[in-house]
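Trainee: I would like to learn how to read contacts between side chains in a model that is new to me. Could you take me through some cases, one at a time?

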Amino acid sequence: MRKDYLFTSESVSEGHPDKVSDQISDAIVDLMLSKDPEARVACETMTTTQRVVLSGEIRCAPMYDTTREDWKFNSYWAPGARDEIESAVRRTVAEIGYEQTGFHWETLTFENHLHGQSAEIAMGVDAGDDGSNKDEGAGDQGIMFGFACDETPDLMPATLDYSHKILEQLAADRKDGTAPFLEPDAKSQITLRYEDGKPVACTAIVVSTQHAKGYHEGDKEVELKDYVKSVVGRILPENFITDETVWHINPTGAFEIGGPDGDAGLTGRKIIVDTYGGASPHGGGAFSGKDPTKVDRSAAYITRYLAKNVVAAGLATRCTIQIAYAIGVSEPLSLYVDTHGTAAEGVDDAAIEEAIKAIASLGGLTPRGIRTHLGLNIPIYRKSAAYGHFGRTAEGDFFPWERTDLVGELKAALG
């Protein structure tokens with residue numbers, strides 16, 4: 001690994017059009033899981049000027065009847081189910097804060113094109129109920145990655161961690177009235193200089209935030225830029241900002257038209273923001289809109305959980321974990337650990353792999369085992385759909401993959 005370099009990560013706010021789509025998709029996942037913990041959901045959302053469109057496949061008996069032969073081509077919704085879905089969508093948009101002419105929670109046009117899940121997919125994924133003892137299979141094939149490092153208390157890459165936190169603070173200040181000139185759409189980007197593998201200074205900061213009319217010129221522009229600088233100064237560690245730090249705040253000028261009115265949004269287009277900001281590999285599948293039988297989501301969570309516990313246990317200062325699945329097959333095809341040469345003395349990567357496999361509570365890392373160990377079959381997902389799925393605070397049922405409760409077991413397994 002290089003020791004001295006510059007590295008950059010970006011984040012986008014909850015009001016970014018793609019993130020609006022992610023949050024709507026996860027609001028639908030939460031709604032379905034609140035009705036049926038075994039619900040199957042694959043919900044895609046498209047947002048644009050005054051319009052939200054849902055598509056995808058579901059299986060949730062309290063909401064939708066898939067027992068009819070023509071289930072895929074007709075809508076057999078339970079009474080009130082369509083209204084509940086529309087209410088969840090409008091409520092999500094309202095909570096983000098969109099009450100603009102080009103995108104307003106109350107007046108936007110809504111289309112629901114969700115339909116029943118393919119019986120062929122269900123056949124491969126469902127556990128056997130016919131005495132066959134068939135375990136639940138993975139909802140898709142694929143490779144998933146988890147990562148952790150000791151750059152921040154959250155055990156996340158510093159560039160991404162700070163990018164997220166800047167936008168979270170902007171959103172909080174917008175909502176509580178501290179910064180009433182802000183609108184929901186925003187992006188951030190942080191470049192840090194690393195020396196001997198550790199971040200030591202910020203060389204460049206980019207923040208673009210949607211704003212009220214007129215805040216791109218004169219005294220109002222100065223007010224906005226001073227405010228953004230004050231937020232960045234509170235988030236970054238002391239002495240990271242220097243006279244050599246380059247600032248770009250709303251570098252294009254006016255940013256009054258934003259969100260889905262300024263650019264169409266789609267679920268799953270911000271995977272690098274959702275994961276590790278480019279500091280680690282990530283799988284090809286998005287998280288939002290998918291129930292936890294989809295290993296794109298649940299296996300990405302368990303690998304983050306494992307990598308974080310490895311670092312929290314002091315077994316390494318940097319850890320990447322890969323896992324692979326085949327659709328319909330319960331056991332993972334492979335497990336790979338890479339500590340990038342940072343493992344503690346007397347610990348090697350192969351030994352960490354064996355220690356992980358030996359922990360019985362993980363359920364062999366099958367889809368069912370992951371969901372059971374982390375408690376994923378409950379409506380906890382919309383919170384994860386903005387400001388990153390990782391590096392968050394495990395609190396109650398939320399973000400269970402951020403717990404560090406395997407530290408003792410890992411140490412014991414490694415002797």
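Trainee: How many residues apart in helix 4 are Lys 165 and Asp 161, and what does that spacing mean along the helix?

Mentor: Please keep in mind that this is a predicted model. Lys 165 and Asp 161 are four residues apart in helix 4, so about one helical turn separates them. The two form a salt bridge whose closest N and O atoms are 3.0 Å apart; Lys 165 counts as partly exposed at 28% relative accessibility, whereas Asp 161 is buried at 5%.

Trainee: Which parts of the chain does the pair of Arg 174 and Glu 14 link?

Mentor: Arg 174 forms a salt bridge with Glu 14, with 3.9 Å between the closest N and O atoms, and this pair links distant parts of the chain, since Arg 174 lies in helix 4 and Glu 14 in the loop between strand 1 and helix 1, 160 residues apart. Arg 174 is buried, with a relative accessible area of 13%, and Glu 14 is buried as well, at 7%.

Trainee: How many disulfides does a search of the whole structure find?

Mentor: A disulfide is a covalent bond between the sulfur atoms of two cysteines. The search of the whole structure finds zero disulfides. For Cys 60, the nearest cysteine sulfur is that of Cys 43, 13 Å away.

Notes
Residues numbered from 1 in each chain as written. Predicted model: local features only at pLDDT ≥ 70, side-chain atom pairs only at ≥ 80, totals over all residues. Heavy atoms only, no water. Disulfide = S-S within 2.5 Å. Salt bridge = Lys/Arg side-chain N within 4 Å of Asp/Glu carboxyl O. Helix = DSSP H or I, 4+ residues; strand = E, 2+ residues; numbered from the N terminus. Buried < 20%, exposed > 50% of the residue type's maximum accessible area, 1.4 Å probe, protein only.
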